[in-house]
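The stops below are given in the order in which to select them.

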Amino acid sequence: MSSAKTRTAVHRVHRCYDEFEMSQGLNMGPLSSADLQVREKLNRPLVQVYQRHAGNQLPEGLALVQGTLALQRSLENTSQNLGLLHLARLRLEDNIREKKSAYQVDSGIARMRRRHADHRWSTEEGLRPRTT
């Protein structure tokens, strides 16, 4: 049961990690500057003149950089958590396998003791106190 829950958690974190990677790629923008429209470029002359004056800095560039850094940290943390979950799943599977083998050994010992037991005594003899 716990192994199944761990596997479910691993898959959930993996989906989240994939979504983070996709959003990071979308946040970084197009691969080529030719894919940008003119109104999206921060280096057009009107924007550069506007940013020369104090208090008129456009926050898009800074917000994109901060968001990208936060997303990168989140990706790293998620990757570490994914590794820890995978390790926990492996440990759980090892524990389950060891418990199954210990159960088989214990039940084998119990069967052997029952098979080699002396069955000649009666229950009345075993209940009466011995007098010697």
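About how many helical turns separate Arg 89 and Glu 93 in helix H3? About one, because the two residues are four apart in that helix. Helices here are DSSP runs of H or I with at least four residues, numbered from the N terminus.

Before going on, note that this is a predicted model, in which local features need pLDDT of at least 70, side-chain atom pairs count only at pLDDT 80 or more, and totals for chains, interfaces and linings use all residues. Residues are numbered from 1 along each chain as its sequence is written, and side-chain values use heavy atoms, with hydrogens and water left out.

Show the side chains of Arg 89 and Glu 93: they form a salt bridge at 3.0 Å, N to O. The term means a side-chain nitrogen of Lys or Arg within 4 Å of a carboxyl oxygen of Asp or Glu. Arg 89 is buried at 19% relative accessibility, while Glu 93 is partly exposed at 26%. Buried is under 20% relative accessible area, exposed over 50%, and partly exposed in between (1.4 Å probe, protein chains only).

Next, select Arg 97 and Asp 94, three residues apart in helix H3, about one turn. Their side chains make a salt bridge of 2.4 Å, N to O. Arg 97 is exposed at 51%; Asp 94 is partly exposed at 35%. The structure has two salt bridges.

Last, go to Thr 78, also in helix H3, which spans residues 60-115. Thr 78 is buried, with 9% relative accessible area. Leaving out residues up to four places away in sequence, Thr 78 is in contact (heavy atoms within 4.5 Å) with Val 13, Tyr 17 and Phe 20.
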